[in-house]
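Please examine the sequence and the structure before reading on.

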Amino acid sequence: MSMAPTLLAVEDLSKSYGGVHAVRGVSFSLAAGEILALIGPNGAGKSTCFDMLNGQKTPDRGRVQLLGDDITGRPPRAVWRLGVGRTFQITATFPTMTVRENVQVALVSHANCIFNVWRSTPAFQRDEADRLLELVGVGGYADRPCGELAYGDLKRLELAIALANRPKLLLMDEPTAGMAPRERIELMRLTARVAREHAIGVLFTEHDMDVVFEHADRILVLNRGALIAEGSPDDVRRDPQVRAIYLGEGLVYDARHREGAGA
Amino acid sequence: MSFYVVQFLTGLASAASLFLVASGLSIIFGVTRIVNFAHGAFYMLGAYLAFSLTERLSGTLGFWGGIVGAALIVALIGVVVEMVLLRRIYRSPELFQLLATFGLTLMVEDLVVLIWGPDDLLGRRAPGLRGAVDFFGQAVPTYDILLIVLGPVVLGALWLLFRRTRWGVLVRAATQDRDMVAALGVNQKWLFTSVFALGVFLAALGGALQIPRDAVNHTMDLRIIVDVFVVVVIGGLGSITGAFVAAVLVSELNAFGILIFPKISIILVFLVMAIVLIVRPWGLFGKPEAAARQTPGLSVRPWQPLSFNERLACVGALIVAAALPLLGSNYALIVGAEIAIFVIFAASLHFLMSVGGLASFGHAAYFGLGTYGVAFLAKFLGFPMIACLLLGPVLGLLGAMLFGWFAVQLSGVYFAMLTLAFAQIVWSIAFQWVEVTGGDNGILGVWPAAFVATPARFYWLALFVTAVSVTLLRVLVFSPFGYALRATRDSGLRSEAIGLNSKRIQWTAFVIAGTFAGISGALFAYLKGSVFPDNAGIALSVDSLVMVLLGGVETVSGAVIGAIVYKALSIWLVSYTDLSKLVLGGFIVLIVVAFPKGIVGTFGSLVDNGRLPFFKRALPGASQAEGAE
């Protein structure tokens, strides 16, 4: 894995809201085909970090490079064009279209046919759309209105939309939230398989530690905006700082303690 | 120099009324999220009632009592309107709320003519304030000085009301989070009613205070509402301070603009508004709006292209329509051609509204530009008809390119207000630039070429262009571009994340819709043989909205049915009653409250629920229902 070329390089990424330093000096890199997890307690800055990677938010400081190109501060649509697919913590899909059409729109965009005014979209790369839906496991719902899907299935659909771009990098913000435990494992196994087959780099955030430790090649631990640990799942599991701050009892105890004092 | 000072003071005095009305609109919007189109109507009612009361009451006390009394009576009317109508539509999409309050405006327009007659009324001057103050040799009316003082006084009073009273705190809380205020046990209903009453009171007071300065007439409602929309777009909807600053700004621009461009002073206001929109799209003092609400009950039935049988049915309907000249009279053919033209017009707006989710309240601008495009080419350049028909709509296209670029920077109610203001600018130019457009007299003698000079032939031409246009628009809906446009409507976040440039897509859609509106306008110019400013008027913009709504916003081509039914109905109505606005307004309110899905949508629901078993297999969805036409 270490021989693979660097896909994503993040240097000194920082962002603050007013006086709150949401993300402070975060640096890391991601190789093609690697699966990297970003974990940390609520409010650690995971989502802010994510949003700065694909241009949803502009960093105050720092640099994001994709295959050597500086993409810092480019709008999301430009980042997509460079081969980055993303899923959202709260799913964002097109509710008035069918499930298949959701993927077809992404295919249309990938093929740069947005301003085509005469072709028929329902027939546009229909097989490819069905293949992607089948891949993520919602092939049976292709003709259903997307607004009718259960939350877990929407998450899968988002993955299919992201894959429609034939991405080099996948950004997945809590990809398995709202799914049953077995579904989570399945979806992450699938993601891992696709990533290895096509040498896609995957960066994901997740609260379910089973998912994280089973599937990540490497883990980044974020706390109060700063990276406090980085390494293989075993390394991170053994890190005393991580245990204290994140996996250990510290936070729970702290919260209880404060609650008690406040009441 | 003193002349400019006086001009400045006149501007400040005009700002007072504008501020009162705009602040009322802003307060109501802040809490109820309704942009009250009827605000101009309440302003007008305030003026009419104040006229009647001050005629009957004498003395200083009588005059001021009449002014305030008029505003109070109108506020009471506002309470009734809120309880009877608005409470039913608080949860409706913005478009429906704008339309319902516009329907109300139409009704009030006819009612004031019924009660006070169609002529301008000159109100009493304020007792004791009839004179003028001398300013470096220039006279400034004393009444203007009063108004200049009044603006800041009202601003201060509102500030105290919202900062220092319990009610004010509740209103501010509700402005931030209605649901939270309700969860805290506040009776929302009466909070909303009282806020609406205050807003209406301010509008009516603004109208009442105008009577010593201006004649009272039944068109003052639309004039003020456009200015007010411009003010709240510049100042920021929901901000009272913004309303004040923008009212002063707009009034001063008008006061001095008249010196610079006497004919088209409105251009100056437009330029300032454009600059503000580029720099701060949510206005000088406004806050960026949260994403617009999803339309409740938004059709979950995805759109489908027509099946072979349905296409056949459409061709059949077209053949039947083409046979009209065999049985119809010349009058029927002229009506038929007019209906066909309006089908294009409605379909073009429908494309923008239903596919793009952009409800334009000024779509007539591009229709009007199409008519003038033809008139200029035919009269000034002597182009033949075919060339005019092909090139005339280009003016609509250019207008849509210019205005659309600004409009798509905004969304929701801001988009609606801005498009309305743009349409009013087109109308004003057509009305005021007499040397070129002929002003109110229009441009006459735009006659069709000999080969379509008979009603039957012209009807066929209109039908042909309509069939082609509607087909093209339908192809567009199902094209990649149509899907990209729907994507920007469904989820801006997701669209951008999959590489779609939302603004550019929406702008393109705006230009396409404007061009098709221009095509319908071009045909209309030849149908009527003349061109008038009203071809770009608000009434026509609203006609197009009602046609789309009547057919069904959530359907693929409901506008076709909506245009046919609505146009036939209104032509019939105009020939049978003088109170067409009253009936039409009531009709709009009825659709919004009772049939929000429109004809095609309601039909589709009935079929879906198995209420029309006969159609069950033949027409499984509303999207196919137009095939039955």
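Trp572(B) and Tyr576(B) both belong to helix α24 (residues 558-576) of chain B, where they are four residues apart, about one turn of the helix. Helices (H or I, at least four residues) and strands (E, at least two) are DSSP runs, numbered from the N terminus. Both residues, Trp572(B) and Tyr576(B), are exposed. In this report, exposed means over 50% relative accessible area, buried means under 20%, and partly exposed lies in between (1.4 Å probe, protein chains only).

This is a predicted model, in which local features need pLDDT of at least 70 and side-chain atom pairs count only at pLDDT 80 or more, while totals for chains, interfaces and linings use all residues. Residues are numbered from 1 along each chain as its sequence is written, chains are lettered from A and ligands numbered from 1 in the order in which they are written, and side-chain values use heavy atoms, with hydrogens and water left out.

**Aromatic rings**

Over all chains, the structure holds 27 aromatic pairs. Rings of Phe, Tyr and Trp (its six-membered ring) pair if their centres lie within 6.5 Å; planes under 30 degrees apart count as stacked, over 60 as edge-to-face and the rest as tilted. Phe415(B) and Phe510(B) are an edge-to-face pair, because their ring centres are 6.0 Å apart and their planes stand at 80 degrees. This pair links distant parts of the chain, with Phe415(B) in helix α17 (residues 412-432) of chain B and Phe510(B) in helix α22 (residues 502-528) of chain B, 95 residues apart. Phe415(B) counts as buried because its relative accessibility is 0%, and Phe510(B) counts as buried because its value is 1%. Trp572(B) and Tyr576(B), by contrast, form a tilted pair, with 5.0 Å from centre to centre and 35 degrees between the planes.

Ring pairs also link Phe37(B), Phe102(B), Phe229(B) and Phe361(B) into a cluster. A charge sits over a ring if NZ of Lys or CZ of Arg is within 6 Å of the ring centre and within 35 degrees of the ring normal. Arg87(B) lies over the face of Trp190(B), at 5.2 Å from the ring centre, and Arg486(B) lies over the face of Tyr483(B), at 5.0 Å.

**The two chains**

The table sets out values for each chain.

| Chain | Secondary structure | Span of the C-alpha trace along principal axes |
|---|---|---|
| Chain A | 10 helices and 10 strands | about 65 × 40 × 40 Å |
| Chain B | 26 helices and four strands | about 75 × 65 × 50 Å |

The radius of gyration is taken over C-alpha atoms, and the globule rule is 2.2 Å times the number of residues to the power 0.38. Chain B has a radius of 25 Å, close to the 25 Å that the rule gives for 629 residues, so it is as compact as a globular protein of that length.

Buried residues make up 58% of the 629 residues in chain B, and 54% of the 263 residues of chain A count as buried.

**Confidence in chain A**

The mean pLDDT of chain A is 85, and 92% of its residues reach 70 or more. The pLDDT is the predictor's confidence in each residue, from 0 to 100. In chain A, confidence is highest in helix α3 (residues 99-110), at a mean of 94, and lowest in helix α10 (residues 250-262), at 43.
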